[in-house]
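I opened this notebook to keep track of what I looked up about aromatic rings and their surroundings. The entries follow the order in which I checked things.

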Amino acid sequence: MKTLLVKYTPRNERSSTKKLLDAFRENIKNSEIEELDLSKDVPDMFLEGNLLAYIQRNYLGNNLTPEQKKQMSKMDRMTEQLKSADVVVVAFPMNNFSMSAPVKAWFDSVMLKGQTWDVKNGNYVGLMNGRKALVLVTSGGFYSKEPMAAWEHALSLTKIEFQFMGYSDVQGILAEGMNAGDDVKSANLKKSIEQVQSIAQAWHK
Ligand SMILES: Cc1cc2nc3c(=O)[nH]c(=O)nc-3n(C[C@H](O)[C@H](O)[C@H](O)COP(=O)(O)O)c2cc1C
């Protein structure tokens, strides 16, 4: 079994999001662990060259030139890494109501047609069945109730991305109120850490 931890926690030791991920890591048993730090190993964005190469190869079935293969190589590496994992955990703070660019670029890198999802008989099909995904997000504000619930595009979008890829079990935890004062922050963080621990234990028996 293999567990992939994907993190974007550039505040490092000061990061509340890192505490959630640490709680998961500490409860992993009987599994190889691989980590991807999106602050250091920054995914490529789709730009002119690699977007064309992706369409040529994955949609039209054409061969790539050596230059195009190079342009796709980081996306291909990150996709292979994700495909090799039975469990994936993605951890990042909410920034401007969704995810910062490296996290979105990682999803763009791994959501490759023919690799993690495909179209069969005119329908979208996820190819990652049997795997589990957990999303860990912290936010300064509160999004569990209206009117702010409609502003939450971090956890909601990320869960949809994993569901689209066909993950059989997609869970998400949002530790909110990290900027609402020390008492609220520590209470919400504690509650979220307990949730993380119980998911990690259930997934690594
Ligand atoms: C650039 C930036 C943008 C942020 N945007 C939001 C936001 O849209 N909504 C929110 O509730 N909190 C926002 N925050 C607060 C962070 O989500 C919150 O403090 C989080 O817990 C920080 O995570 P970390 O401790 O892991 O770095 C933002 C913080 C920064 C630095």
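**Aromatic rings**

I began with a cluster, in which ring pairs link Phe 46, Tyr 54, Tyr 59, Trp 117, Tyr 124 and Phe 164. I note here that the model I am reading is a predicted one.

Next I looked up the total, and a search of the whole structure finds 12 aromatic pairs.

Tyr 54 counts as buried because its relative accessibility is 6%, under the cut-off of 20%, whereas Tyr 59 is partly exposed, its relative accessible area being 43%.

I moved on to Phe 97 and Tyr 143, another aromatic pair that is edge-to-face, with 6.4 Å between the centres and 75° between the planes. Phe 97 sits in the loop between strand E3 (87-93) and helix H4 (101-110), while Tyr 143 sits in the loop between strand E6 (132-138) and helix H5 (155-164), so this pair ties together parts that lie 46 residues apart in sequence.

For accessibility in this second pair, I found that Phe 97 is partly exposed, with a relative accessible area of 33%, and that Tyr 143 counts as buried, at 11% relative accessibility.

Finally I returned to Tyr 59 and asked myself which residue lies over the face of its ring. Lys 113 does, at 5.4 Å from the ring centre, and Tyr 59 is also a member of the cluster with which I began.

Definitions and conventions
Residues are numbered from 1 along each chain as its sequence is written. This is a predicted model: local features need pLDDT of at least 70, side-chain atom pairs count only at pLDDT 80 or more; totals for chains, interfaces and linings use all residues. Side-chain values use heavy atoms; hydrogens and water are left out. Rings of Phe, Tyr and Trp (its six-membered ring) pair if their centres lie within 6.5 Å; planes under 30 degrees apart count as stacked, over 60 as edge-to-face and the rest as tilted. Buried means under 20% relative accessible area, exposed over 50%, partly exposed in between (1.4 Å probe, protein chains only). Helices (H or I, at least four residues) and strands (E, at least two) are DSSP runs, numbered from the N terminus. A charge sits over a ring if NZ of Lys or CZ of Arg is within 6 Å of the ring centre and within 35 degrees of the ring normal.
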